[in-house]
Amino acid sequence: MSWSPDSWKERPVAHAPPYDDEEGLAQAVAALRRLPPLVTSFEVEQLKKQIAQAQRGERFVLQGGDCAETLDDCTPDVITRKLKILLQMSMVLVHGSNRPVTRIGRFAGQYAKPRSKDIESQDGVELPSYFGDLVNRAPFEPEARKVDPQLLLEGYKHAGLTLNFIRSLVDSGFADLHHPEYWDLSFLESAHLNEELREQYRQTVGEVSGALRFMQALGESSVDELHRVEFFTSHEGLNLHYESAQTRTVPRREGWYDLTTHMPWIGERTRDPEGAHVEFFRGIRNPVGAKVGPTASPDDAMRLLDALNPDDEAGKIVLITRMGASHVKDGLPPILERVKKEGRTVLWMSDPMHGNTHSTSSGRKTRDFDAVLQEVEGCVAVHRACGTVFGGVHFELTGDDVTECTGGAEGLTEDDLERNYATVCDPRLNYRQALEMSFRIASAI
Ligand code: PEP
Ligand code: CO
């Protein structure tokens with residue numbers, strides 16, 4: 001079975017963006033092919049090593065960011081707040097898991113979305129659906145919804161700008177966030193919480209603050225050396241024109257690297273082992289994630305592993321389960337048992353967001369804090385019972401003060417959703433909900 005960066009074109013492409021300007025597409029892909037990579041093979045291999053450690057239970061992985069990143073959100077404030085929440089959550093998780101935590105953003109390229117329908121209609125008007133900023137734009141207007149191959153280049157450039165800023169922040173004192181005064185934790189005293197939970201939070205806040213003060217006392221440079229802040233990038237590898245154009249061989253290493261990102265993942269809708277996405281991702285050296293939803297059987301999981309990682313290389317495969325809180329206890333065990341019985345090496349992570357989405361009576365898509373937490377806790381219990389390693393969590397979140405998910409210490413209700421519902425796709429945990437979630441996970445793992 002020979003493979004090339006273009007062999008996916010011979011397979012059915014699920015959720016292919018409906019490009020009609022073929023010449024424009026060919027030109028954009030050719031331009032993308034010539035441009036330098038966004039990440040390096042060295043970094044990709046570094047992440048693979050860390051994933052191998054997480055597979056053995058020596059590390060925990062935190063992956064998070066927007067459902068759909070937008071070009072407009074490529075601003076210093078938005079990026080800084082996203083890093084801040086991921087860094088703070090990771091520090092809480094280090095504390096809870098007693099393991100180093102690898103941070104992987106859903107950023108610098110999370111611009112392509114699968115949609116259930118190609119056409120969206122509003123008040124009798126029909127336009128192409130919004131497929132993410134790599135393909136078209138979100139406003140429900142004919143011009144915005146035009147599928148435009150030039151956006152492949154715009155996406156690449158914004159991913160590059162985002163990464164450039166992240167790398168400079170990380171290199172120049174972003175570790176300031178080790179200082180306790182950067183943490184807003186007062187909301188954990190909220191009256192919406194029962195006394196038992198408030199007490200639990202007080203205790204964790206005390207412990208985390210103590211650890212922060214200790215690190216501060218060590219002095220910035222030693223903190224920096226001891227805890228070099230590192231962020232990796234990831235996005236759903238949905239648009240194969242984009243991925244394949246940046247896939248190349250590099251000097252002194254074998255094989256092909258997809259250098260748009262460190263860890264692309266295959267979505268729930270595109271994980272058919274015979275389909276174009278699995279064909280493409282089986283050929284690259286990067287670690288690859290795959291979502292595993294409630295319709296997946298143990299056989300499906302095995303076929304996916306056979307296609308993507310026939311040699312069972314460590315650090316290569318991340319299976320991100322997203323069963324839904326009510327399904328995790330019966331849906332997950334048969335898959336875990338089978339993969340364990342076959343002796344396959346996998347990092348098991350939980351995406352507790354995508355199986356727990358529902359619409360309010362006013363038509364807003366939302367998720368409830370408790371259901372999300374329940375899925376994570378369900379995963380922890382199921383992995384314990386199966387003797388498999390629960391190695392990470394995957395969240396849709398933002399560092400901003402949005403109102404998209406209900407619940408949490410602030411007690412957000414469906415009525416609050418109208419206040420600042422800003423996502424262009426799925427609802428995200430806001431800063432406080434995300435931080436609180438990390439406290440709850442830290443005490444569960
Ligand atoms: C996503 O991660 O935004 C997504 C579409 O998830 P899934 O493929 O699990 O539905
Ligand atoms: Co989503």
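This is a predicted model: local features need pLDDT of at least 70, side-chain atom pairs count only at pLDDT 80 or more; totals for chains, interfaces and linings use all residues.
Me: How many residues apart are histidine 354 and glutamate 396?
Reply: Histidine 354 sits in the loop between strand 11 (347-350) and strand 12 (358-359). Glutamate 396 belongs to strand 14 (residues 390-396). Strands are DSSP runs of E, at least two residues, and helices runs of H or I, at least four, numbered from the N terminus. The pair links distant parts of the chain, 42 residues apart.

Me: Which protein atoms are the donors of the cobalt ion (ligand 2)?
Reply: They lie 2.1 to 2.4 Å from the ion. The donors are Cys67 (SG), His354 (NE2), Glu396 (OE) and Asp426 (OD).

Me: Is glutamate 396 buried or exposed?
Reply: Buried means under 20% relative accessible area, exposed over 50%, and partly exposed in between (1.4 Å probe, protein chains only). Glutamate 396 has 0% relative accessibility, so this residue counts as buried.

Me: Which backbone lies 2.8 Å from an oxygen atom of ligand 1?
Reply: A polar contact is a pair of N or O atoms within 3.5 Å; within protein, one must be able to donate a hydrogen and the other to accept it, and residues adjacent in sequence count only if both atoms are side-chain atoms. Lysine 291 places a polar side-chain atom 2.8 Å from a ligand 1 oxygen. The side chain of arginine 106 has an N or O atom 2.9 Å from one. The backbone N or O atom at 2.8 Å belongs to glutamate 268.

Me: Which strand gives the most to the lining of the largest pocket?
Reply: On a 1 Å grid over the protein atoms alone, a pocket is an open set of points with protein on both sides within 12 Å along at least five of seven lines; lining residues have an atom within 4 Å of a point. Among the 35 lining residues, those closest to the centre are Arg115, Lys365, Val424, Cys425 and Asp426. With three residues, the top contributor is strand 3 (residues 119-122).

Technical notes: Residues are numbered from 1 along each chain as its sequence is written. Chains are lettered from A and ligands numbered from 1 in the order in which they are written. Side-chain values use heavy atoms; hydrogens and water are left out. Donors are N, O and S atoms within 2.8 Å of the metal (3.2 Å for Na, K and Ca); water is not among the atoms, so sites may look incomplete. On a 1 Å grid over the protein atoms alone, a cavity is a set of points where a 1.4 Å probe fits but cannot get out, and a pocket is an open set with protein on both sides within 12 Å along at least five of seven lines; lining residues have an atom within 4 Å of a point.
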